[in-house]
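Hello,

Here is the structure I promised to pass on. Please open it next to this email, and my notes follow below.

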Amino acid sequence: MKQSITKAIWRGLPKKGLSRLMGKVARHPFSRHLIPLYIRHFDIDLAPVKKPLDQFEHLLDFFVRELHPEARPICGGKAQVVSPVDGTVSEGGTITEGRLIQAKGISYSLSQLLGGNEAAVKRFDGGQFVTIYLSPRDYHRIHMPIAGRVVSSTYIPGELYPVNEMGVRLVPGLFAVNERVITYIEGESGLTALIKVGATNVGSIKVTYDQAIATNPKPSRPFAHKDYATPERLAKGAEVGRFEFGSTVILLFEPGQIEWSIPLAKGTSVRMGQEIARLVRLEEEASCSDTH
(Lines give C-alpha, C1' and ligand atoms only; values in the text may rest on other atoms or scores of the structure.)
Protein backbone atom coordinates (compact mmCIF):
# COMPACT_ATOMS: atom_id res chain seq x y z
CA MET A 1 0.00 0.00 0.00
CA LYS A 2 2.77 2.41 1.01
CA GLN A 3 4.68 1.67 -2.21
CA SER A 4 1.54 2.28 -4.30
CA ILE A 5 1.02 5.68 -2.65
CA THR A 6 4.68 6.64 -3.15
CA LYS A 7 4.54 5.60 -6.80
CA ALA A 8 1.33 7.59 -7.35
CA ILE A 9 2.92 10.68 -5.80
CA TRP A 10 5.98 10.38 -8.06
CA ARG A 11 3.77 9.82 -11.11
CA GLY A 12 1.81 12.98 -10.35
CA LEU A 13 4.76 15.26 -9.66
CA PRO A 14 5.87 17.63 -12.46
CA LYS A 15 9.30 15.95 -12.56
CA LYS A 16 10.59 17.67 -15.70
CA GLY A 17 9.60 21.12 -14.47
CA LEU A 18 11.13 20.48 -11.06
CA SER A 19 14.34 19.21 -12.68
CA ARG A 20 14.57 22.33 -14.88
CA LEU A 21 13.99 24.50 -11.81
CA MET A 22 16.71 22.64 -9.92
CA GLY A 23 19.06 23.22 -12.83
CA LYS A 24 18.23 26.92 -12.90
CA VAL A 25 18.81 27.31 -9.16
CA ALA A 26 22.10 25.40 -9.36
CA ARG A 27 23.31 27.72 -12.15
CA HIS A 28 22.53 30.91 -10.19
CA PRO A 29 25.66 32.64 -8.84
CA PHE A 30 24.14 32.67 -5.32
CA SER A 31 24.22 28.88 -5.27
CA ARG A 32 28.02 28.92 -4.88
CA HIS A 33 27.36 29.64 -1.19
CA LEU A 34 25.75 26.19 -0.99
CA ILE A 35 28.92 24.41 -2.14
CA PRO A 36 30.47 24.03 1.35
CA LEU A 37 27.17 22.60 2.66
CA TYR A 38 27.02 20.19 -0.28
CA ILE A 39 30.59 19.06 0.36
CA ARG A 40 29.93 18.42 4.05
CA HIS A 41 26.58 16.71 3.52
CA PHE A 42 27.91 14.24 0.95
CA ASP A 43 31.41 13.96 2.46
CA ILE A 44 33.14 14.81 -0.82
CA ASP A 45 36.90 14.36 -1.10
CA LEU A 46 38.39 17.58 -2.49
CA ALA A 47 41.91 16.22 -3.01
CA PRO A 48 41.31 15.09 -6.64
CA VAL A 49 39.42 18.28 -7.65
CA LYS A 50 41.28 20.31 -10.27
CA LYS A 51 40.06 23.86 -9.49
CA PRO A 52 40.37 25.64 -6.13
CA LEU A 53 37.03 25.84 -4.35
CA ASP A 54 36.77 29.64 -4.62
CA GLN A 55 36.91 29.46 -8.44
CA PHE A 56 33.58 27.65 -8.89
CA GLU A 57 30.91 30.02 -10.21
CA HIS A 58 27.87 28.14 -8.88
CA LEU A 59 26.76 24.79 -7.47
CA LEU A 60 26.37 23.16 -10.90
CA ASP A 61 29.90 24.21 -11.80
CA PHE A 62 31.10 22.30 -8.74
CA PHE A 63 28.84 19.36 -9.46
CA VAL A 64 30.42 18.80 -12.91
CA ARG A 65 33.89 19.47 -11.49
CA GLU A 66 36.98 18.25 -13.32
CA LEU A 67 39.52 16.10 -11.53
CA HIS A 68 43.29 16.06 -11.83
CA PRO A 69 44.20 13.51 -14.56
CA GLU A 70 46.38 11.55 -12.14
CA ALA A 71 43.37 11.13 -9.82
CA ARG A 72 41.73 8.76 -12.32
CA PRO A 73 44.48 6.97 -14.28
CA ILE A 74 43.20 5.13 -17.35
CA CYS A 75 43.99 1.42 -17.33
CA GLY A 76 46.08 0.87 -20.48
CA GLY A 77 46.11 -1.85 -23.09
CA LYS A 78 43.80 -2.36 -26.06
CA ALA A 79 42.06 -5.34 -24.48
CA GLN A 80 41.05 -3.56 -21.28
CA VAL A 81 37.60 -1.97 -20.87
CA VAL A 82 37.42 0.76 -18.23
CA SER A 83 34.57 2.12 -16.18
CA PRO A 84 33.18 5.26 -17.84
CA VAL A 85 32.17 6.75 -14.47
CA ASP A 86 32.59 6.68 -10.72
CA GLY A 87 29.73 4.79 -9.11
CA THR A 88 28.41 1.47 -7.84
CA VAL A 89 27.17 -1.55 -9.76
CA SER A 90 23.43 -2.04 -9.34
CA GLU A 91 23.02 -4.96 -11.80
CA GLY A 92 24.94 -6.78 -14.51
CA GLY A 93 25.10 -10.00 -16.47
CA THR A 94 23.75 -11.51 -19.68
CA ILE A 95 21.02 -10.00 -21.88
CA THR A 96 18.69 -13.00 -22.21
CA GLU A 97 15.90 -13.24 -24.79
CA GLY A 98 15.95 -9.49 -25.25
CA ARG A 99 15.63 -8.62 -21.56
CA LEU A 100 17.91 -7.10 -18.90
CA ILE A 101 17.67 -7.35 -15.12
CA GLN A 102 16.64 -4.15 -13.33
CA ALA A 103 16.47 -5.67 -9.84
CA LYS A 104 15.64 -9.00 -8.26
CA GLY A 105 12.43 -10.22 -9.91
CA ILE A 106 12.20 -7.22 -12.28
CA SER A 107 13.39 -7.24 -15.91
CA TYR A 108 12.88 -4.86 -18.83
CA SER A 109 13.00 -4.87 -22.61
CA LEU A 110 16.21 -4.29 -24.57
CA SER A 111 14.13 -3.06 -27.52
CA GLN A 112 12.40 -0.44 -25.36
CA LEU A 113 15.71 0.60 -23.78
CA LEU A 114 17.15 1.22 -27.27
CA GLY A 115 14.08 3.05 -28.52
CA GLY A 116 13.06 0.30 -30.93
CA ASN A 117 16.42 0.15 -32.74
CA GLU A 118 16.01 -3.47 -33.85
CA ALA A 119 19.35 -3.60 -35.68
CA ALA A 120 21.08 -2.78 -32.38
CA VAL A 121 18.83 -5.19 -30.48
CA LYS A 122 20.01 -8.05 -32.72
CA ARG A 123 23.64 -7.16 -32.09
CA PHE A 124 23.34 -6.93 -28.28
CA ASP A 125 20.87 -9.73 -27.49
CA GLY A 126 22.80 -12.51 -25.75
CA GLY A 127 25.59 -10.08 -24.86
CA GLN A 128 26.63 -8.55 -21.56
CA PHE A 129 25.47 -5.46 -19.65
CA VAL A 130 26.31 -3.56 -16.50
CA THR A 131 24.30 -0.82 -14.79
CA ILE A 132 26.28 1.74 -12.75
CA TYR A 133 24.55 4.18 -10.37
CA LEU A 134 26.08 7.59 -9.66
CA SER A 135 25.23 9.07 -6.27
CA PRO A 136 25.21 12.84 -5.60
CA ARG A 137 28.73 12.62 -4.10
CA ASP A 138 30.26 11.00 -7.20
CA TYR A 139 32.27 12.56 -10.03
CA HIS A 140 29.71 13.16 -12.80
CA ARG A 141 31.66 13.36 -16.02
CA ILE A 142 31.34 10.39 -18.38
CA HIS A 143 34.28 8.90 -20.29
CA MET A 144 34.92 6.41 -23.08
CA PRO A 145 35.09 2.80 -21.85
CA ILE A 146 37.07 1.78 -24.96
CA ALA A 147 38.80 3.54 -27.83
CA GLY A 148 36.51 3.81 -30.83
CA ARG A 149 34.43 5.84 -33.25
CA VAL A 150 31.16 7.43 -32.17
CA VAL A 151 29.09 6.15 -35.09
CA SER A 152 25.60 7.16 -33.95
CA SER A 153 23.57 8.65 -31.13
CA THR A 154 19.96 8.42 -30.00
CA TYR A 155 17.98 10.83 -27.84
CA ILE A 156 14.89 9.24 -26.31
CA PRO A 157 12.50 11.55 -24.42
CA GLY A 158 10.79 10.10 -21.38
CA GLU A 159 10.07 10.41 -17.68
CA LEU A 160 12.45 11.58 -14.95
CA TYR A 161 11.75 9.15 -12.12
CA PRO A 162 14.49 8.81 -9.46
CA VAL A 163 17.01 6.09 -10.31
CA ASN A 164 18.05 5.37 -6.73
CA GLU A 165 17.13 2.14 -4.95
CA MET A 166 13.58 3.36 -4.31
CA GLY A 167 12.99 4.18 -7.98
CA VAL A 168 14.43 0.85 -9.11
CA ARG A 169 12.01 -0.98 -6.80
CA LEU A 170 8.91 1.09 -7.59
CA VAL A 171 9.03 1.67 -11.36
CA PRO A 172 9.05 -1.43 -13.61
CA GLY A 173 11.18 -0.87 -16.72
CA LEU A 174 12.59 2.30 -15.15
CA PHE A 175 15.61 2.62 -17.44
CA ALA A 176 13.44 2.10 -20.54
CA VAL A 177 10.94 4.69 -19.26
CA ASN A 178 13.23 7.55 -18.25
CA GLU A 179 14.76 10.03 -20.68
CA ARG A 180 18.12 8.88 -22.04
CA VAL A 181 20.92 9.42 -24.55
CA ILE A 182 22.61 6.44 -26.22
CA THR A 183 26.11 6.68 -27.66
CA TYR A 184 27.06 3.85 -30.05
CA ILE A 185 30.81 3.22 -30.20
CA GLU A 186 32.41 1.06 -32.88
CA GLY A 187 35.68 -0.34 -31.60
CA GLU A 188 38.15 -2.96 -32.77
CA SER A 189 36.13 -5.74 -31.17
CA GLY A 190 32.61 -4.67 -32.18
CA LEU A 191 29.83 -2.33 -31.07
CA THR A 192 29.43 -0.95 -27.54
CA ALA A 193 26.44 1.10 -26.33
CA LEU A 194 26.96 3.73 -23.63
CA ILE A 195 23.53 4.66 -22.29
CA LYS A 196 23.11 7.73 -20.09
CA VAL A 197 19.81 7.66 -18.17
CA GLY A 198 18.19 10.83 -16.87
CA ALA A 199 16.56 11.12 -13.45
CA THR A 200 14.75 13.53 -11.14
CA ASN A 201 16.80 16.71 -10.68
CA VAL A 202 19.01 15.94 -13.69
CA GLY A 203 18.83 19.33 -15.37
CA SER A 204 20.48 17.96 -18.49
CA ILE A 205 22.67 15.25 -20.01
CA LYS A 206 25.22 16.64 -22.45
CA VAL A 207 27.70 14.97 -24.81
CA THR A 208 30.98 16.31 -26.13
CA TYR A 209 30.63 15.02 -29.70
CA ASP A 210 27.33 16.73 -30.56
CA GLN A 211 26.46 20.12 -29.07
CA ALA A 212 22.85 19.87 -30.33
CA ILE A 213 22.07 17.04 -27.90
CA ALA A 214 20.80 18.05 -24.46
CA THR A 215 18.08 16.34 -22.48
CA ASN A 216 15.02 17.76 -20.70
CA PRO A 217 14.65 20.60 -23.22
CA LYS A 218 11.87 23.18 -23.17
CA PRO A 219 9.91 23.00 -25.36
CA SER A 220 10.05 19.21 -25.44
CA ARG A 221 11.76 17.54 -28.40
CA PRO A 222 10.80 14.27 -30.08
CA PHE A 223 12.83 11.08 -30.35
CA ALA A 224 15.91 11.65 -32.53
CA HIS A 225 18.52 9.28 -33.97
CA LYS A 226 21.66 10.42 -35.77
CA ASP A 227 24.18 8.44 -37.79
CA TYR A 228 27.43 10.37 -38.16
CA ALA A 229 28.83 10.50 -41.69
CA THR A 230 32.29 11.26 -40.31
CA PRO A 231 32.42 9.49 -36.95
CA GLU A 232 34.62 11.12 -34.34
CA ARG A 233 37.28 8.81 -32.93
CA LEU A 234 37.85 9.16 -29.20
CA ALA A 235 40.56 7.61 -27.07
CA LYS A 236 39.75 5.33 -24.16
CA GLY A 237 39.15 7.54 -21.15
CA ALA A 238 38.33 10.63 -23.22
CA GLU A 239 35.44 12.68 -21.88
CA VAL A 240 32.24 11.90 -23.78
CA GLY A 241 29.56 13.63 -21.70
CA ARG A 242 28.31 14.67 -18.30
CA PHE A 243 25.32 14.56 -16.00
CA GLU A 244 24.15 17.87 -14.58
CA PHE A 245 23.12 16.12 -11.33
CA GLY A 246 23.15 12.40 -10.59
CA SER A 247 21.93 9.43 -12.57
CA THR A 248 22.82 6.05 -14.09
CA VAL A 249 24.96 4.65 -16.92
CA ILE A 250 24.31 1.32 -18.67
CA LEU A 251 26.95 -0.37 -20.85
CA LEU A 252 25.97 -2.97 -23.47
CA PHE A 253 28.39 -5.38 -25.18
CA GLU A 254 27.84 -7.83 -28.02
CA PRO A 255 27.88 -11.61 -27.38
CA GLY A 256 31.40 -12.93 -26.86
CA GLN A 257 32.86 -9.41 -26.81
CA ILE A 258 34.01 -9.21 -23.17
CA GLU A 259 34.83 -11.10 -20.03
CA TRP A 260 34.25 -9.31 -16.72
CA SER A 261 37.19 -8.34 -14.52
CA ILE A 262 35.02 -7.20 -11.59
CA PRO A 263 32.30 -8.91 -9.56
CA LEU A 264 28.86 -7.85 -10.76
CA ALA A 265 27.46 -8.01 -7.23
CA LYS A 266 25.18 -5.14 -6.26
CA GLY A 267 27.15 -2.41 -4.51
CA THR A 268 30.51 -3.13 -6.16
CA SER A 269 32.31 0.21 -6.27
CA VAL A 270 34.04 1.34 -9.48
CA ARG A 271 36.07 4.37 -10.45
CA MET A 272 36.42 5.96 -13.85
CA GLY A 273 39.46 4.52 -15.63
CA GLN A 274 39.47 1.28 -13.61
CA GLU A 275 39.49 -1.98 -15.57
CA ILE A 276 36.05 -3.62 -15.45
CA ALA A 277 36.32 -6.11 -18.35
CA ARG A 278 38.57 -7.42 -21.11
CA LEU A 279 37.87 -7.55 -24.84
CA VAL A 280 38.15 -11.24 -25.62
CA ARG A 281 39.29 -11.07 -29.25
CA LEU A 282 41.95 -8.45 -28.62
CA GLU A 283 43.21 -10.37 -25.61
CA GLU A 284 43.52 -13.51 -27.75
CA GLU A 285 45.42 -11.58 -30.42
CA ALA A 286 47.79 -10.18 -27.77
CA SER A 287 48.35 -13.68 -26.37
CA CYS A 288 49.15 -15.02 -29.84
CA SER A 289 51.59 -12.22 -30.55
CA ASP A 290 53.30 -12.80 -27.20
CA THR A 291 54.23 -16.35 -28.26
CA HIS A 292 56.29 -15.23 -31.26
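Tyr38 is buried, with a relative accessible area of 10%, while Phe42 is partly exposed at 25%; buried means under 20% relative accessible area, exposed over 50%, and partly exposed in between (1.4 Å probe, protein chains only). Before going further, please note that this is a predicted model, where local features need pLDDT of at least 70, side-chain atom pairs count only at pLDDT 80 or more, and totals for chains, interfaces and linings use all residues. Residues are numbered from 1 along each chain as its sequence is written, and side-chain values use heavy atoms, with hydrogens and water left out.

Both Tyr38 and Phe42 belong to helix 3 (residues 35–42), where they are four residues apart, about one turn of the helix. Helices (H or I, at least four residues) and strands (E, at least two) are DSSP runs, numbered from the N terminus.

How do the rings of Tyr38 and Phe42 pair? Their pair is tilted, with 4.8 Å centre to centre and 55° between the planes. For reference, rings of Phe, Tyr and Trp (its six-membered ring) pair if their centres lie within 6.5 Å; planes under 30 degrees apart count as stacked, over 60 as edge-to-face and the rest as tilted. A search of the whole structure finds seven aromatic pairs. Ring pairs also join Tyr38 and Phe42 with Phe56, Phe62 and Phe63 in a cluster. At Phe62, the charged end of Arg65 sits over the ring, 4.6 Å from its centre (CZ of Arg or NZ of Lys within 6 Å of the ring centre and within 35 degrees of the ring normal).

Another of the pairs is Phe253 with Trp260, which is edge-to-face: 5.9 Å centre to centre and 85° between the planes. Phe253 is buried at 0% relative accessibility, whereas Trp260 is partly exposed at 22%.

One residue comes with a record. UniProt lists Ser247 for "modified residue: Pyruvic acid (Ser)" in an unreviewed entry; such annotations may be inferred rather than shown by experiment, and the positions are given in the numbering used here, with feature names shortened. Ser247 lies in the loop between strand 12 (239–244) and strand 13 (248–253), and is buried, with a relative accessible area of 0%.

As for the whole protein, there are nine helices and 16 strands. Of its 292 residues, 52% are buried.

Best wishes
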